[in-house]
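Have the viewer open and follow along.

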Amino acid sequence: MRYAAPATVDEASALLSDNPGSQVFAGATDLVPQMRSGRPAPSVLVDLKGIERLTAVTHEDGQWTIGAATPTADLTCDAAFTAAFPGLSEGAGLIGSDQIQNRSSLGGNLANASPAADSVPALIANAGQAVIATADGTRTVPASEIVTGPGSTSLADGEFIVEFTLADPPAGTGDAYLRMIPRTEMDIAIVGAAVRVTVDGDSISDAIVVLGAVAPTAVVVPDAAVALVGASVAGGSIDHSALTALAEAASTACDPIDDKRGTIAYRRQVAGVLAKRAAAIAVERAQNGV
């Protein structure tokens, strides 16, 4: 096995093209444990951290561009980014320990394709777009289209995520991410819930609800959004009937597994509870501009 640290996207693409069986990594926080557990080692390990574009964070003309290999610690410490996308910053801040977050990244968290990835539901809720390096240049697709199943993605051989783009949220918008884990720290989510809402006056004008760890991929729940849109938020509280409908829709959308970490019934119940709590936080942020 060889190690390569390209300085440009084109150089990384050439290495992948010229070396069948090679693999990129953006932090190796998943790759190294996988290799230690017996997964075959790649012919060449291509480290993306040395490519400036993949670790840059910019905000221009109403759009954020986040390098796919940017350490999540850089994002959670970025006050402007966290103010714009508090839920996504929360999800990024739950990836492993403080030490891990100096290496982990949004690109790695997505491309690893774990159903329980903490940053993915909020990335999807904020309509994140993934810019992908291909043999012919780049292509851009919604982040929601990358993961196709546990450990499986839509990326072709030789392709990798270069960066993500996120439009500035509309005025009166807030998002939140919550998860349930068996322990207090350093565990994998049993359920994760991301909610983004836009508040206009005393009601919700737009919403999206995305669940994690309850199906092979993150789940967008249109019925949960329908339950929220039009709901009154006068006094800072979401209408009770809307919350009930939201929880029911979230629970119904789940397709979880039954294992020692949680039963199917428990995960479905928790999904409804977390969706309600995340929605309440998102509304508060939307109304307070936080």
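## Salt bridges in the model

Keep in mind that this is a predicted model. There are six salt bridges in the structure. Three of them get a closer look here, including how exposed the partners are.

## R285 and E90

Start with R285, whose side chain pairs with that of E90 in a salt bridge at 2.4 Å, N to O. R285 sits in helix α11 (residues 264-288) and E90 in helix α5 (residues 86-92), so this pair ties together parts that are 195 residues apart in sequence.

Is R285 buried or exposed? With a relative accessibility of 16%, R285 counts as buried, because the cut-off for buried is under 20%. E90 has a relative accessibility of 27%, so E90 counts as partly exposed.

## R179 and D118

Next up is the salt bridge between R179 and D118, where the closest N and O atoms are 2.7 Å apart. R179 belongs to strand β11 (residues 173-180), while D118 is in the loop between α7 (106-111) and α8 (120-125), so the pair ties together parts that are 61 residues apart in sequence. As for accessibility, R179 and D118 are both buried.

## R261 and D187

R261 and D187 make another salt bridge, with 3.5 Å between the closest N and O atoms. Distant parts of the chain are linked here: R261 is in the loop between α10 (240-253) and α11, D187 is in the loop between β11 and β12 (191-200), and the two are 74 residues apart.

## How α10 packs on α11

Now for the helices on either side of the R261 loop. Two packed helices are described by the angle between their axes and the distance between those axes. For α10 and α11, the angle is about 135° and the axes are 7 Å apart. The two helices are therefore oblique to each other, and the crossing of α10 and α11 is right-handed.

Which residues of α10 meet α11? On the α10 side they are L243, L246, A247, A250 and S251. Facing them in α11 are R268, Q269, A271, G272, A275, K276 and A279. Sorted by class, the contact of α10 with α11 comes to seven nonpolar, three polar and two charged residues.

Terms used:
Residues numbered from 1 in each chain as written. Predicted model: local features only at pLDDT ≥ 70, side-chain atom pairs only at ≥ 80, totals over all residues. Heavy atoms only, no water. Salt bridge = Lys/Arg side-chain N within 4 Å of Asp/Glu carboxyl O. Helix = DSSP H or I, 4+ residues; strand = E, 2+ residues; numbered from the N terminus. Buried < 20%, exposed > 50% of the residue type's maximum accessible area, 1.4 Å probe, protein only. Axes fitted to C-alpha atoms, helices over the stretch in contact; angles between N-to-C directions. Parallel < 35°, antiparallel > 145°, perpendicular 65-115°, else oblique. Left-handed = near helix turned anticlockwise from the far one by under 90°. Contact = heavy atoms within 4.5 Å. Nonpolar A, V, L, I, M, F, W, Y, C, P; charged D, E, K, R; others polar.
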